[in-house]
Amino acid sequence: MKILVFDEEKKLDAYVGETICDFIRQHDQATIGFATGSTPLGVYQYFIDSYQNHKVSFQNVQAFNLDEYVGLKPEHPRSFASAMKNELFSHIDILPENINALDGSKEDMDEECQRYETLIEQNPIDIQILGIGMDGHIAYNEPGSPLDGACHVVNLHQESIESSLDYGFDHIEDVPTQGVTQGIGTIMKAKQLIMMAKGEKKADLVKRMIYGEVTPDFPSSIIQRHPSVIVCLDRNAASQLK
Ligand code: F6R
């Protein structure tokens with residue numbers, strides 16, 4: 001595991017952004033896994049700036065979103081599909097048919113999970129961007145999730161529901177209580193993981209993720225077992241590390 005600490009958020013975003021742009025430039029096809037949430041937004045802005053300045057094209061990129069709310073159609077303004085579109089995809093030249101996501105509005109969610117798991121098996125993810133949730137989750141794998149799990153529906157924990165208020169929901173009652181997510185096993189098949197964390201509120205979580213026991217009780221701890229992972233932290237998120 002490579003741990004990088006940046007003294008400025010902008011430098012962290014530029015490092016992650018440039019690492020991925022470099023990969024895209026050097027490969028005929030690149031398959032990138034995208035996380036929603038606030039942490040990667042600066043990286044997504046870096047992609048948009050790089051595209052607008054003709055430094056990278058996303059035409060050869062296949063995108064896979066990590067997770068979604070159950071019960072929201074992809075076009076719902078609060079869906080993760082809409083968030084990714086608004087924050088990134090509608091500003092770059094990625095081909096719409098290359099954007100892949102779990103659809104949380106399907107009647108048969110088991111079938112939807114199987115479809116997405118198979119699609120990822122057929123298009124292995126080269127680089128997966130990750131963030132850490134306030135209960136230690138990765139994607140929407142909440143504490144207790146199996147460490148080898150595939151795509152599945154999950155009951156969201158209270159911390160995750162409360163965190164969703166940062167994503168534009170006006171009332172807590174409006175936040176879906178279930179999510180659908182790539183499993184930990186799915187995520188671990190990505191060839192490289194880039195885990196990002198920013199801010200003091202993530203400091204204890206980051207310490208546990210890196211030095212704690214690898215356990216389903218703290219799903220992000222699984223990254224310790226991945227052969228190729230870069231953890232990118234700002235100074236505050238790194239403040240509890242030795
Ligand atoms: C979202 C996702 C989540 C977030 C995590 C951190 O697709 O996978 O695991 O990465 O909840 O969210 P932020 O970045 O908002 O702190």
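Ala139 counts as buried, because it has 30 C-beta neighbours inside 10 Å (buried takes 20 or more other C-beta atoms within 10 Å of a residue's own, exposed 12 or fewer, partly exposed anything in between, with C-beta atoms placed from the backbone). You'll find Ala139 in the loop between β6 (127-131) and β7. Helices (H or I, at least four residues) and strands (E, at least two) are DSSP runs, numbered from the N terminus. Keep in mind that this is a predicted model, where local features need pLDDT of at least 70, side-chain atom pairs count only at pLDDT 80 or more, and totals for chains, interfaces and linings use all residues. Residue numbers start from 1 along each chain as its sequence is written.

**Two residues with positive phi**
- Most residues other than glycine have a negative phi.
- Ala139 has a phi near 50 degrees, a positive value in a residue other than glycine.
- His54 also isn't glycine, and its phi is positive too, near 60 degrees.
- His54 sits in the loop between α2 and β3.
- Is His54 buried or exposed? His54 counts as exposed, because it has 7 C-beta neighbours inside 10 Å.

**The seven-stranded sheet**
- Seven strands make an open sheet with parallel pairing, in the order β1-β10-β9-β6-β2-β3-β5 (two strands pair if DSSP finds at least two bridges between them).
- At the edges are β1 (2-6) and β5 (99-100), each pairing on one side only.
- Strand β2 (residues 30-34) is mostly covered, with four of its five residues buried.
- β2 is joined to β3 by five bridges, and the two run parallel.
- Across that pairing, Phe34 stands opposite Asn65 in β3.
- Strand β3 (residues 61-65) is also joined to β5, by two bridges, again running parallel.
- Here Ala63 stands opposite Ile99 in β5.

**The three-stranded sheet**
- Three strands make another open sheet, in the order β4-β8-β7, with antiparallel pairing.
- β4 (67-69) and β7 (152-155) are at the edges with a single partner strand each, so one side of each has no neighbour in the sheet.
- From one strand to the next, the twist averages 25 degrees (axes are lines fitted to C-alpha atoms, for helices over the stretch in contact, and angles run from 0 to 180 degrees between N-to-C directions).
- Three bridges tie β4 to strand β8 (residues 178-181), and these two run antiparallel.
- In that pair, Glu68 stands opposite Val180 in β8.

**Tyr46 in helix α2**
- Tyr46 is part of helix α2 (residues 41-52).
- Tyr46 is buried, because 21 other C-beta atoms lie within 10 Å.
- Leaving aside residues up to four places away in sequence, Tyr46 touches Asp13, Ala14 and Gly17 (contact means C-beta atoms, placed from the backbone, within 7 Å).
- Tyr46 and Lys10 are 36 residues apart in sequence, and 9.2 Å apart in space from C-alpha to C-alpha.

**Around the ligand**
- Which residues come nearest to the ligand? Of the 14 around it, they are Gly37, Ser38, Thr39, Gly131 and Gly133 (near means a C-beta atom, placed from the backbone, within 6 Å).
- The shell has six nonpolar, seven polar and one charged residues (Ala, Val, Leu, Ile, Met, Phe, Trp, Tyr, Cys and Pro count as nonpolar, Asp, Glu, Lys and Arg as charged, and the others, Gly among them, as polar).

Technical notes: Two residues are in contact if their C-beta atoms, placed from the backbone, lie within 7 Å.
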